[in-house]
Structure formats: structure tokens, C-alpha cells
Amino acid sequence: MNRTRLVLTGVAVAAAIAMSGCDPQPTTESTATSPSPVASSAAPTVGAATTAASSVANDATTVKACADIKKDIKDNAAKIGKAEKIGPPAGHFAVSAQWAAGSVAILAHSMGASQAVTAASEKIQNEMMSLSDAYNESADAKPSKKALEAAIKELDAACSAA
């Protein structure tokens, strides 16, 4: 029975991973034409405008990533709460799987964000996977979430700076 649940949990995690790739991110293409020899004095302005437009696009992507990641964290916390109500021994598989699925969602939504947001997201993802591993190892696991909370605060700081 436990092996069946483990297999089903593994399938659920694999499905969550596969589905996380289904949300296509909008792509922006910036095209710059090479300046003619006569208009060579305008080249820095075009380059600066392209850089500014790229910066605005990156900022918009980072802001969207921050919003999506914060939503993922809240959604995951609610789902973890439901899974914890199942109780040991079966509930620890559900909790472990939810931590893993939540970490995948965080990772998927951090793509394209600024380096600071991406780094903070990776820390959150790693902490969530550590919690997943801890719950998977023991039915009575009560791992500390302090490292995850610190990583979330780091994400909040990175998002507020973006």
C-alpha cells in the first residue's frame, strides 16, 4: 500500500514538473538596425534607447516573476496545510510531494527575472526541496522552516529593489 502511494506521489510530482513547462512566457525581440555612415552620430541614441527598452522589459518580467512567485508561495502554504491534515504515516508523502511541486513552480516562474530575484528564488526552491526530503525520510518529521522564511525575506528584498 505504501509503495503504491509512493509511486502515485512520484507520478503526481512528475506531472507537476511536466505541467510547469506549459505556461509559455512571452518573448520580446528587439531589433536594431545598423546605422548608416551618414547617421553615425545617432547610433549611441539608438543603442541607449534599445538598452532602456530592454531594461524596462526586464523590469516588467521581474515584477511579474515576483508576483507569480509570491502567489506560488501562498498557494503552496495552503496546499501544505491540507496535506499535513492527512497526518502520518500517509500524509508525509503528500506533504513531501507538495513541497517538491511548490519548488518546481517557484523555479518555473523565476525564469527571466533579474539576477537578484532568480538567486533568491533558487534559495527558496532549494529550501523547499530540503523540506520535501525531510518529510520523505520520516513520517513524523517536523523540520524547521527558518531557512525557508529567511529565503522568502531575501526574495521580498530583491523584489522591492526591482
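Helix H3 meets helix H4 through His-92, Phe-93, Val-95, Ser-96, Trp-99, Ala-100, Gly-102, Ser-103, Ile-106, Leu-107 and Ser-110, which contact Thr-118, Ser-121, Ile-124, Gln-125, Met-128, Met-129, Leu-131, Ser-132, Tyr-135 and Asn-136 on the H4 side. Sorted by class, this contact has eleven nonpolar residues, ten polar ones and no charged ones. As for geometry, the axes of H3 (residues 91-110) and H4 come within 8 Å and cross at roughly 165 degrees. An angle over 145 degrees counts as roughly antiparallel, so H3 and H4 are roughly antiparallel to each other. Their crossing is left-handed.

The model is a predicted one, and its protein chain holds five helices and zero strands. Following the sequence, the pattern reads simply α-α-α-α-α. The chain has 162 residues, and 30% of them count as buried. If we take the contacts between residues at least 6 apart in sequence, 72% link residues at least 24 apart.

Two packed helices are described by the angle between their axes and the distance between the axes. For H4 (residues 115-137) and H5 (residues 146-161), the axes come within 9 Å and the crossing angle is roughly 165 degrees. H4 and H5 are therefore roughly antiparallel to each other, and H4 passes H5 in a left-handed crossing. From H4, the residues involved are Ala-116, Val-117, Ala-120, Ser-121, Lys-123, Ile-124, Glu-127, Met-128 and Leu-131. Their partners in H5 are Ala-147, Leu-148, Ala-151, Ile-152, Glu-154, Leu-155, Ala-158 and Cys-159. By class, the contact of H4 with H5 comes out at 13 nonpolar, one polar and three charged residues.

Is Ser-121 buried or exposed? Buried means under 20% relative accessible area; Ser-121 has a relative accessible area of 1%, so Ser-121 is buried. Leaving aside residues up to four places away in sequence, Ser-121 touches Ile-69, Ile-106, Ser-110 and Leu-155.

Conventions: Residues are numbered from 1 along each chain as its sequence is written. This is a predicted model: local features need pLDDT of at least 70, side-chain atom pairs count only at pLDDT 80 or more; totals for chains, interfaces and linings use all residues. Side-chain values use heavy atoms; hydrogens and water are left out. Helices (H or I, at least four residues) and strands (E, at least two) are DSSP runs, numbered from the N terminus. Buried means under 20% relative accessible area, exposed over 50%, partly exposed in between (1.4 Å probe, protein chains only). Contact means heavy atoms within 4.5 Å. Axes are lines fitted to C-alpha atoms, for helices over the stretch in contact, and angles run from 0 to 180 degrees between N-to-C directions. Angles under 35 degrees count as roughly parallel, over 145 as roughly antiparallel, 65 to 115 as roughly perpendicular and the rest as oblique. A crossing is left-handed if the near helix is turned anticlockwise from the far one by less than a right angle, and right-handed if clockwise. Ala, Val, Leu, Ile, Met, Phe, Trp, Tyr, Cys and Pro count as nonpolar, Asp, Glu, Lys and Arg as charged, and the others, Gly among them, as polar.
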